[in-house]
Amino acid sequence: MGNKESQSFRQLFMGLSIVLAGAGLIWGTILTCRGGDWIKTGFQLFTEAGAGLSLTWKLDGLTVFFLFILLLGQGLSSLYALGYLKEYQDKNKSLWPFLINWFLFLASMFGVLLADDGFTFLLSWEMMSLFSFFLVLYEHEDPQNRKSAYIYFVMTHVATVLLTTAILYLYALTGSFAFEAWAKAVPTLSTSQLNLIFLAFFIGLGTKAGFVPFHIWLPYAHSAAPSPVSALMSGVMVKVALYLFIRLVWLTLGPGPVWWGWLFLLVGALSAIVGILSASVQSDLKKLLAFSTIENVGILGIALGSAFLARSWNNSWAMNLAFVAFFWHTIQHMLFKSLLFMGAGNIIQATHTRNMERLGGLLKRMPKTGFGALIGIIGITALPPLGGFWGEFMLFQSLWVNTAHLANGWSKVFLPLSIGVLALVGGLSIATFVKWFGISFLGQARSTVAEKAKEAHPVQYITPLIVGGLAVLSVLWPSAILALINLPLSVLRTGDVLGISSALGTPLNLSSTYLILLILLTVIVIVLSKRGIRRVTATWNCGGPLTPSLQYTAGGLTNPIRVLFTKVLGSHRHVEGDFAGTQYTLRSLTYEGKLKEVFEYSFYRPAIGGLIWLSSHIRKLQAGSIHLYLAYLLVTVIVVLILGR
Amino acid sequence: MDEIFMILTRLLMGIGHLALIVVAAPLVQGLIKKSKAFWQMRQGPPILQPYRDLRKLLKKEELVSEHASWIFLLAPRIVLAGTLMAGLVIPGAWGWAPFSVWGDLFLFGASLGLVRLFLTLAGLEGAGTFGGMGSSRELFIGLLTEPALLLGLIVLAFITEATSLQGIMVGLQSVSPLDISKILALIALGMVSIAEMGRIPMDNPDTHLELTMIHEGMLLEYSGPSLALLNFAEQIKQLLLLVLLAQIIWPSGLISFSDGLLGTLWALGFIGVKVAALGFFFATVESLFVKRRLFRAPHYLATGTSSAILALISLWIIRGQI
Amino acid sequence: MFIGVAVIAAVGMLFSAKDTYLKLLNSVALVLLTLSGGWTIRKTLSQGSYAYGTGIFYWDALSALLLGVIIMIAVYVILFSFGYMEEEVHEKKFPRTRLKWYYFWIWIFMATMLLVVSTPNLGIIWVGIEGTTLATTLLVGFYRNKQAIEAAWKYVILCVVGISFALLGTMLLFASVAPLLGQSLSALDWRMLPKVAGQLDPTLFRLGALFAIVGYGAKVGFAPMHAWLPDAHSQAPSPVSALLSAVLLNCALYAILRWYSFARLTALGPDFVGTILMSFGFLSLALMTGFILLQKDIKRLLAYSSVEHMGILAIGFGLGTKEAVWGASLHLLLHGLTKANLFVIVGRLVQKTGTRQMARIRGIFKVLPYTGMIMVLGLLSITGTPPFGTFRSEVSILSGLFKTGHPLLGFFSILFLTVIFAGFLYHFLQMLYGKPSSRHQPGESVSTLALAIPLLVVLFLGMFIPQSLNQALNQVVKVILGGV
Amino acid sequence: MIGISDNELNLVLLVLLVSGLIMVYSARVKNALNWWTLQTVFVSLLLIAEGYHNHAIEVIIFGVLLLVAKAGVIPILLRRVLKESKTEWVGEIYLKRALSLVFAGGLTLIAYEVTEPLMALHSGYRNGLAVAFALIFYGLLLMMARKVAIVQVLGILLIDNGIFLAGFFLTQGMPLLVELGAAFDILVGIVIIGILSKQMLENYDSLNVDHMRSLKG
């Protein structure tokens with residue numbers, strides 16, 4: 001389609017998407033503020049589908065919360081896409097695939113959130129994977145992207161195998177697809193059945209959520225997709241998977257044995273560590289962000305685990321805290337991660353590279369993007385004053401409460417250890433994002449593309465700033481968020497969060513105080529230290545001239561981490577020095593560092609290899625000789641006759 | 001009416017708390033320098049020297065690298081402010097902290113994290129080699145200290161069943177000074193704070209030999225007022241850690257108005273003595289050991305973390321809950 | 001009557017090789033076929049069953065379903081083959097004079113299949129099935145090159161042998177029925193059989209059923225008797241492949257279903273035949289994953305996937321629960337449509353690119369965008385991805401598998417389906433993107449999109465199943481499960 | 001019901017079985033063909049005898065037709081093809097002749113084993129059925145273990161004989177329509193296969209099926 005009309009289509013579609021999101025948000029807010037009793041009851045809408053496979057939808061507080069996330073994400077990323085797509089349009093790349101799949105993807109996510117029975121869920125779940133796959137595939141010119149999309153789609157399908165199995169198994173046991181029917185029937189099931197179903201759900205959904213070790217696809221897909229899509233996938237789609245954990249495991253499969261909680265806690269901790277470790281040694285703008293998504297999912301997993309444990313130790317305070325932490329962090333991560341992906345998108349469009357080793361000094365050239373990104377990294381590293389911290393704050397607290405109120409047992413050691421893990425993760429994430437921001441935005445440009453970089457289209461830096469503004473707002477006015485979080489909590493039968501606001505409110509109101517005080521102090525300091533003259537000079541470099549190559553590289557900045565965790569990261573380095581004859585004068589030095597995805601190489605590749613081997617042997621059956629085929633026939637006849645008697 | 005009065009007193013006390021920290025910080029620095037000099041058989045600079053240095057730096061002209069952006073100038077301010085924010089949760093001379101809600105011990109570590117973030121960013125601003133080197137090492141050591149710090153504090157929280165530092169201090173009064181888990185936690189915190197204060201064996205505050213320095217490396221590009229602020233912030237951080245340790249070793253509980261002026265002054269003197277003693281102790285440590293190379297840091301800090309974990313286990317074992 | 005139409009048309013084809021004449025005749029025949037067939041189907045579905053003449057011809061819901069599939073696909077494929085064969089002639093694949101023979105055999109083939117679904121007599125069904133084999137043999141070998149002949153030879157030999165087993169089975173059946181219904185033709189009428197099903201001599205009948213299933217199974221292409229299928233499908237002209245895959249296999253399956261539906265009533269019990277069907281189906285499914293995963297030839301890929309889908313159908317029907325059979329009947333229809341469409345579009349593709357090796361086909365989206373789109377739709381439909389109807393039918397089949405207490409089988413079936421999906425996706429992505437080779441002839445008109453009609457039907461059925469179809473399918477279920 | 005006693009019947013069956021075995025064992029295509037013709041004659045004679053005994057004229061006619069068509073037309077047709085293709089030896093594959101004879105023996109046992117539950121039938125008929133099955137298995141064996149196309153055709157014909165025999169013993173004659181259909185199909189089948197083998201000759205200039213293994217995997 002021509003340039004002109006594609007422009008109009010771009011604006012039309014994205015505008016529509018934004019308007020829809022806005023309308024949805026406003027409508028929802030109004031209905032919610034009007035003390036929505038209807039939310040608790042929920043409404044159902046049947047559609048004729050024959051053979052008892054009917055599509056049913058339901059809306060309750062839990063759904064409303066995630067719908068809020070979805071709508072917010074949709075609005076923001078659509079707004080961003082409005083600017084981002086312009087580049088494709090200038091390259092005369094057809095926008096149709098993007099626009100159509102964009103809408104269908106969003107629609108299917110709505111379907112997943114609203115689904116009230118297994119079949120509807122499966123249907124929309126598959127479609128969600130399908131359309132996101134097409135979106136990842138949008139930049140198919142690069143074979144690497146095609147590979148990523150392929151890996152993504154296949155892994156989600158393998159996960160869906162387990163989901164389908166579990167759902168059909170439940171269907172066979174209860175004779176119905178409806179979630180309520182399952183919940184009713186669960187007490188009648190045996191423990192082993194329950195555990196099997198739980199495991200199936202855990203792996204199936206965990207793959208989509210990006211739990212380690214089912215996370216292989218996530219870095220590929222999220223980095224291959226166009227940035228608005230990455231924002232949507234990281235910010236929203238992953239959360240949809242987590243929503244299903246609550247819907248299917250917490251609400252449907254019921255409390256379950258204690259080890260479920262431990263599993264969540266363990267896998268969560270593992271994901272957090274592995275995710276952030278891999279992130280810290282990446283030098284690819286978007287891969288790094290993708291890995292950090294895995295980390296945050298891990299944190300959310302820890303929160304879920306804490307909630308499950310609290311439930312089985314019926315410690316309602318810890319459970320409330322855990323859930324508040326969970327939902328709070330969900331919102332915050334959505335905001336910050338989409339913000340960062342938008343920033344990355346701007347950089348990529350300005351420099352056409354994702355490799356941080358070629359960036360640098362962008363803050364001077366794209367100041368507004370840079371400012372947004374700065375807010376983003378403070379938030380994502382879970383540092384005060386921004387919201388990222390307060391979520392973890394409550395998570396810490398819930399873990400502490402869980403432990404303190406526990407009669408006895410080794411759990412009293414392991415739970416606090418997870419606090420230690422979180423601390424380690426926090427430190428690592430600081431390192432990671434200092435690298436992400438510092439290397440690409442600070443210092444001097446490492447390549448000509450970085451030097452020539454220009455600030456992005458206004459929409460593209462205004463949107464991140466809006467997101468940042470929202471993040472700040474959420475800290476300044478936490479009670480609003482609490483009111484929102486109250487909706488799902490009321491569904492999860494964990495009592496009213498405002499009920500314990502006496503205990504909970506204070507720290508969260510503290511968040512606004514903290515922010516204000518910090519700004520106040522900073523301002524005071526600035527005012528007080530405003531004396532003296534400034535002079536701009538060259539950086540001191542032992543007297544020598546300062547070339548870009550003298551800067552610390554992205555790899556170098558986090559090299560200590562890489563060295564310390566060589567085993568976990570599967571890192572290989574190969575240094576080659578060319579000494580001119582003597583061993584004193586070094587002519588050239590080549591350094592090559594490689595990272596092997598440990599899980600990928602230790603589990604997935606062997607599995608695939610085995611599959612290929614097997615099928616290559618099966619193919620030998622068709623050897624091309626008709627005599628052989630006749631032999632098959634004869635043998636079949638005889639076998640059937642013998643067995644059939 | 002009395003509500004407003006309460007708020008006002010809170011505010012005033014808070015300001016007083018900060019003021020005390022601000023005033024005392026350089027003094028402690030001078031004291032430590034002095035005691036190091038004592039071990040090195042030197043005269044050493046006068047105790048008030050740090051004040052003079054700060055004043056001089058604040059007057060001086062400031063050089064800014066051509067590659068630096070606005071963050072270069074913003075960083076020192078935020079670093080100082082963040083350090084002060086960390087100060088708000090540390091119970092001061094009167095065993096009272098402006099911020100004392102449950103969970104504020106996490107706030108302490110987090111504020112220091114914020115400080116670290118901006119410091120390291122500032123280190124990258126200069127586009128030079130040493131700044132990057134400093135940031136890289138600071139980040140490395142930082143991520144290793146965090147768990148030990150948090151776990152140590154958590155153990156104390158479990159001992160006293162409170163998660164606000166003030167509550168912990170109050171609770172610790174009733175705990176015997178020789179409580180095994182407390183001592184183990186203390187060891188952990190001590191090792192952590194050595195690393196945090198950037199002292200031997202982790203880092204050498206006095207050196208400017210490029211290849212060994214960490215903290216100084218990040219400050220290399222700074223001069224004039226900004227440098228003053230950064231140094232000042234470092235001194236404050238040091239003071240805070242010392243106070244924290246001191247309060248844990250020998251907690252001084254809440255002093256209410258009822259104790260009157262005398263009691264207040266007594267508390268002030270008491271904490272002064274404790275901090276001075278600790279400072280002297282660390283100076284001694286610094287004089288006895290040498291700086292380790294970077295990749296020995298993990299072992300050192302792992303020791304800290306493991307002692308914190310031991311503290312935890314021992315706690316439950318003693319309580320007979322395992 | 002439409003059998004007559006088919007036969008007359010077939011004979012008529014021989015009179016002239018003129019292009020316009022052939023096209024005209026075909027079109028007329030197709031119109032008549034559609035009209036009479038449609039009328040029959042309507043009548044059948046409205047009154048449950050419909051007997052013609054003295055009951056030599058008889059249709060119930062099941063036959064009507066098959067009849068519908070045959071006619072729809074026949075119209076689609078024959079219309080397509082106008083342009084296709086023309087192109088082949090241009091490319092000197094065969095002399096124009098043989099064109100009429102092509103149509104002649106096609107229509108004979110049609111006639112035999114129509115006979116199969118129109119007669120109520122198991123004996124005649126056998127004759128018809130054998131007839132399909134003979135009618136298609138020369139079509140498979142139509143290009144008369146080495147490979148074509150090889151394929152035809154394997155096809156005819158294997159199928160004739162298989163079918164003769166089916167004849168033996170029919171005789172055994174007759175032997176067990178004759179004492180009860182007398183030595184007449186009506187003894188093999190499956191309207192009579194249920195009445196006496198109870199008193200059949202089980203030993204004789206069991207032997208007969210076994211032979212019949214193995215025999216017709218060879219024709220359906222159950223593994224490990226599927227060997228002829230990929231060869232025949234890959235060597236035949238693409239329209240013929242479409243007919244073979246989408247219709248012929250279903251007709252053979254139809255024969256099995258007739259046996260199955262009353263074998264359920266005999267002393268063997270309802271599950272005897274079902275179990276055999278299921279084991280064949282599962283075996284096919286399992287083996288085909290391997291063949292599909294490492295396939296190099298695109299038409300063979302489709303052929304193997306036909307075997308796989310026949311396996312799914314066998315599982316579905318063999319389960320014998322209402323839901324599963326419903327799904328299987330739906331799947332029979334959907335698979336027919338999808339596979340016909342895929343063979344047609346792939347036929348075009350092979351014509352344009354001049355190769356069947358998938359490794360040589362690249363960058364379809366660049367050269368043949370519309371073909372590419374249709375291929376994406378086909379890929380999604382054949383792998384049972386929502387929102388396509390195949391998803392729904394497969395889910396109901398699988399859920400039947402779970403309901404009858406085979407969760408493990410169910411799990412593995414889903415797993416195999418996924419592996420197959422991965423294979424298909426891989427091959428198609430490779431072909432659709434990348435850098436097109438120079439030999440590809442770029443460019444095509446929007447009219448290509450018209451070829452996607454069957455897929456669009458499948459898509460529609462995935463989102464909404466009209467009440468009428470639903471009722472028809474329920475009737476089919478009744479027929480197969482005997483009023484369950 | 002057919003007018004001959006069990007002994008005679010068993011004798012006939014023995015002849016049929018042996019002829020089948022010899023076909024499996026024979027090294028020359030021509031021999032196999034001859035033996036098959038002999039077998040067919042016997043089979044059709046059985047039919048005629050039955051018809052004669054039951055005074056069923058149509059059965060007799062059918063038997064005669066069968067005699068002419070199968071024992072007359074087909075052998076001639078096949079001989080012609082043989083002459084054209086100058087094939088003489090049946091090419092062994094997988095199984096040498098001796099070994100295939102052993103296998104044939106095994107298959108015979110299986111045939112008896114399979115028909116064993118059919119005790120309900122008259123014993124002579126049961127033997128007949130077993131022989132019929134054995135012949136079918138022989139045919140398949142012949143097809144899978146010999147290279148030459150014509151031998152495979154012979155295999156089919158052998159199977160056909162077997163089936164016919166089975167039908168005879170089971171049902172004393174299927175409904176005529178089906179019988180005719182079956183016979184007709186076989187004839188057409190042979191014709192088509194003949195055409196194919198002609199084309200095979202053109203393309204491969206030999207009737208060795210084993211050359212055709214290009215379609216794999």
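Visitor: What separates the centres of domain 1 of chain A and domain 2 of chain A?
Guide: In this predicted model, the centres of these two domains, taken over C-alpha atoms, are separated by 24 Å. Domain 1 of chain A spans 1-254, and domain 2 of chain A is made of 314-528 + 557-564. Chain A is also assigned domain 3 (567-596) and domain 4 (602-644).

Visitor: What makes you say that domain 1 of chain A is in contact with domain 2 of chain A?
Guide: Two residues are in contact if their C-beta atoms lie within 7 Å. On that test, 28 residues of domain 1 of chain A are in contact with 23 residues of domain 2 of chain A. On the domain 1 side, helix H3 (61-84), helix H4 (86-90) and helix H11 (227-252) of chain A each supply at least two residues. H3(A) has the largest share of that side, with 15 residues. Sorted by class, the domain 1 side has 15 nonpolar, 9 polar and 4 charged residues.

Visitor: Which two chains have the most contacts between them?
Guide: Chains A and B do, among the 4 pairs of chains that touch. The contact between them takes 64 residues from chain A and 69 residues from chain B. On the chain A side, several elements each supply at least two residues, including helix H17 (387-404), helix H22 (501-528) and strand E1 (534-537). H18(A) gives the most to this side, with 15 residues. The classes on this side of chain A are 39 nonpolar, 20 polar and 5 charged.

Visitor: Why are E1(A) and strand E1 of chain B called a pair?
Guide: Strands pair if DSSP finds at least two bridges between them. E1(A) and strand E1 (residues 62-65) of chain B have 4 bridges, in the parallel sense, so they meet that rule. One bridge links Arg534(A) with its partner Glu62(B) in E1(B).

Visitor: How do you know whether chain B and chain C are joined or apart?
Guide: Contact needs C-beta atoms within 7 Å. No contact joins chain B and chain C, and their closest C-alpha atoms lie 41 Å apart. Chain B and chain D have no contact either, with their closest C-alpha atoms 56 Å apart.

Visitor: How many residues of chain C are in contact with chain A?
Guide: There are 46 residues of chain C in contact with 41 residues of chain A. The elements giving two or more residues to the chain C side include H6, helix H8 (202-220) and helix H13 (322-353). H17(C) gives the most to that side, with 12 residues. By class, the chain C side has 32 nonpolar, 9 polar and 5 charged residues.

Visitor: Why does Phe168(D) count as buried?
Guide: The cut-off for buried is 20 or more other C-beta atoms within 10 Å. Phe168(D) has 21 C-beta neighbours inside 10 Å, so it counts as buried. Phe168(D) is found in helix H6 (residues 149-171) of chain D. Leaving aside neighbours within four places in sequence, Phe168(D) is in contact with Leu46(D) and Leu47(D). Val102(D) is 66 residues away from Phe168(D) along the chain, and their C-alpha atoms are separated by 28 Å.

Visitor: Which residues touch the most other members of the largest nonpolar core?
Guide: They are Ile73(C) and Trp107(C), in a core of 612 residues. Helix H6 (residues 146-181) of chain C gives the largest share of this core, 23 residues. Not counting residues up to four places away in sequence, Ile73(C) touches Ala242(C), Leu243(C), Ala246(C), Val247(C), Gly336(C) and Ala340(C).

Visitor: Where does UniProt place the annotation "transmembrane region" in chain B?
Guide: The unreviewed UniProt entry lists several stretches of chain B under that name, among them residues 70-94 and residues 297-318. In the model, residues 70-94 of chain B are 72% helix and 0% strand, with end C-alpha atoms 39 Å apart. Residues 297-318 of chain B are 100% helix and 0% strand, and their end C-alpha atoms lie 31 Å apart.

Visitor: Which residues of chain C does UniProt list for "domain: NADH:quinone oxidoreductase/Mrp antiporter transmembrane"?
Guide: The unreviewed entry lists residues 121-414 of chain C under that name. This span is 78% helix and 0% strand, and its end C-alpha atoms lie 37 Å apart. For "domain: NADH-Ubiquinone oxidoreductase (complex I) chain 5 N-terminal", the unreviewed UniProt entry gives residues 57-94 of chain C. That span is 79% helix and 11% strand, with end C-alpha atoms 38 Å apart.

Terms used. Residues are numbered from 1 along each chain as its sequence is written. Chains are lettered from A and ligands numbered from 1 in the order in which they are written. This is a predicted model: local features need pLDDT of at least 70, side-chain atom pairs count only at pLDDT 80 or more; totals for chains, interfaces and linings use all residues. Ala, Val, Leu, Ile, Met, Phe, Trp, Tyr, Cys and Pro count as nonpolar, Asp, Glu, Lys and Arg as charged, and the others, Gly among them, as polar. UniProt positions are given in the numbering used here, feature names are shortened, and annotations may be inferred rather than shown by experiment. A nonpolar core is a set of buried Ala, Val, Leu, Ile, Met, Phe, Trp, Tyr and Cys residues joined through C-beta atoms within 7 Å. A residue is buried if 20 or more other C-beta atoms lie within 10 Å of its own, exposed if 12 or fewer, and partly exposed in between; C-beta atoms are placed from the backbone. Domain bounds come from an automatic or database domain assignment.
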